[in-house]
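Subject: A structure to look through, with notes

Dear colleague,

Please keep it open beside the text while you go through them.

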Amino acid sequence: MKSSTQVGIVGAGPAGLLLSHLLHRAGIDSVIVEVRERAYVEQRIRAGVLEQGTVDILEETGLGERMHRQGLLHHGIFLRFGGRSRRIDFNELAGKSVMVYGQHEVVKDLIAARLAAGGDIRFGASEVEVEGVTTARPSIRFRDADGVAQEIACDYIAGCDGFHGICRPLIPSDVLRIYERVYPFSWLGILAESPPVSEELIYTNHERGFALVSMRSPTISRLYLQCSAGDDVAEWSDERFWNELRARLGGEDVPDVVEGPVLQKGITPMRSFVAEPMRWGSLFLAGDAAHIVPPTGAKGMNLAVSDVRVLAAAFAEHYANGSDAGLDAYSETCLRRVWKTQRFSWWMTSMLHRFPERSEFDARLQLGELDYVTSSHAAAQTLAENYVGLPMN
Ligand code: FAD
Ligand code: DHB
């Protein structure tokens, strides 16, 4: 079956869904093609921290109601090292806060809003292919959930299909430049039915490795431990996880860990990755399709949001008055914020984790840096202004 739209979007993660929502508000038609089922996308546990700019855009575009009811406003975080916690006060240092609200909740809100507005999301697609991105009429071909062959002719394609998607490889290898760092450790994350360990997030540097305590609600904790790059979840029993978390949170004023049933457990490899350019012909990459940050700075989803904000504004300008200035500047505009955010995520990762190849000297330097960051107003402010989010492009 053949159909057409203005912007064909590959992927219904935060990037694809928010882009479709923003385009709709600008009177631009889009279709989203997603390989997964709706329930899978809505239950995928990932990011948890929204920058204030992300909160603002969701609120301004009619998606704030449940977020404000269920999300948890956080005015600071703790950095824990040498067995003690020191607070970074975002309100005082940067005049902003962050919102703890699960990515899957944002995704649910976006899907509900798109469907209520008559939006077209093709869940459960297979054999997805994008063609003709250097021609005047690119298209997306796929089989729909019933196995029927579909072809959507588009003016433009938005590649919002994440790190393992099909869009980035459409850019010829002599054009595409990849900048990458793979870290020698991963994050083991659990979702547990247990009250938050602390009212605010605690990022811990410990000789046994990094630990992070976060939450999803007053009864659900989200907890992470640095583990070895090759670890398998099967090696991490619940008991081993809780014991290791307690060990890494040890010292003075030990946070209160209350064990509860583990609802989900997974391992995430850590990498920094940027693909340039983010545009090729009529293909525009956004979010994880173009870049990955290690999760220590809580930036991945927020970067996806800032990309599509720029892209939606550029499409609006194109369709409203025929100007391609925004589309032509898209890659360069986004990459400036991407690299600043890469720097912050790399810095947080470097300061807080144990690197197997590093020496005791390096470990002491980390402690010196953490002491500096939590005692110098200027240094604390640098962390705070990055964590709450640099200005949107
Ligand atoms: P994705 O969410 O990956 O969405 C891509 C979509 O495309 C998926 O639905 C996928 O099924 C679909 N797709 C793939 N291939 C195809 C295809 N061929 N055809 C059609 N569809 C396809 N970020 C933060 O901002 N804050 C945090 O606190 C944070 N913590 C994190 C913790 C963990 C453990 C992890 C794993 C990530 C975290 N992130 C965080 C990162 C964040 O989750 C990602 O950056 C975010 O999901 C990017 O959104 P996206 O829409 O670009 O990509
Ligand atoms: C969460 C994830 C992060 O990567 C982070 O830096 C802070 C919080 C979370 O899932 O809650």
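This is a predicted model: local features need pLDDT of at least 70, side-chain atom pairs count only at pLDDT 80 or more; totals for chains, interfaces and linings use all residues.

Residues are numbered from 1 along each chain as its sequence is written, chains are lettered from A and ligands numbered from 1 in the order in which they are written, and side-chain values use heavy atoms, with hydrogens and water left out.

The ligand site

There are 14 residues around ligand 2, and those that come nearest are Tyr 203, Ser 214, Arg 216, Tyr 224 and Pro 295; a residue is near a molecule or strand if one of its heavy atoms lies within 4 Å of it. By type, the shell around ligand 2 divides into eight nonpolar, three polar and three charged residues, where Ala, Val, Leu, Ile, Met, Phe, Trp, Tyr, Cys and Pro count as nonpolar, Asp, Glu, Lys and Arg as charged, and the others, Gly among them, as polar.

Polar contacts are pairs of N or O atoms within 3.5 Å; within protein, one atom must be able to donate a hydrogen and the other to accept it, and residues adjacent in sequence count only if both atoms are side-chain atoms. A polar side-chain atom of Tyr 203 lies 2.7 Å from an oxygen atom of ligand 2, and a polar backbone atom of Pro 295 is also 2.7 Å from an oxygen atom of the ligand. A polar backbone atom of Ala 298 is 3.4 Å from an oxygen atom of ligand 2. Taken alone, ligand 2 exposes 290 Å², of which the protein buries 97%; accessible areas come from the Shrake-Rupley method with a 1.4 Å probe, and for residues only the protein chains shown count as cover.

The elements that give two or more residues to this shell are β14 (211-217) and β15 (220-228), and β14 gives the most, with three residues. Helices (H or I, at least four residues) and strands (E, at least two) are DSSP runs, numbered from the N terminus.

The sheet

Both of those strands belong to an open sheet of eight strands, in the order β6-β5-β13-β14-β15-β12-β16-β19, with mixed pairing; two strands pair if DSSP finds at least two bridges between them. Because β6 (84-89) and β19 (291-292) stand at the edges with a single partner strand each, one side of each is left without a neighbour in the sheet. Strand β5 (residues 76-81) and strand β13 (residues 202-204) pair in the parallel sense over three bridges, and Phe 78 has Ile 202 in β13 as its bridge partner.

Salt bridges

The structure holds 22 salt bridges, each being a side-chain nitrogen of Lys or Arg within 4 Å of a carboxyl oxygen of Asp or Glu. In one of them, the closest N and O atoms of Arg 66 and Glu 105 are 2.8 Å apart. This pair links distant parts of the chain, with Arg 66 in helix α4 (residues 65-70) and Glu 105 in helix α6 (residues 103-116), 39 residues apart. Both Arg 66 and Glu 105 are buried, where buried means under 20% relative accessible area, exposed over 50%, and partly exposed in between (1.4 Å probe, protein chains only). Arg 66, Glu 105, Lys 108 and Asp 109 are linked in a network of salt bridges.

Glu 127 and Arg 143 also meet through their side chains in a salt bridge (3.4 Å, N to O). Since Glu 127 lies in strand β9 (residues 126-131) and Arg 143 in strand β10 (residues 139-143), the pair ties together parts that are 16 residues apart in sequence. Glu 127 is exposed, with a relative accessible area of 54%, whereas Arg 143 is partly exposed at 33%.

Glu 127 has a positive phi of about 50 degrees although it is not a glycine. Ala 298 likewise has a positive phi, near 60 degrees; Ala 298 is placed in the loop between β19 and α8 (300-321) and is buried, with a relative accessible area of 19%. Finally, a cis peptide bond with omega of about -5 degrees joins Glu 276 and Pro 277, and Pro 277 sits in the loop between β16 and β17 (279-280).

With best wishes
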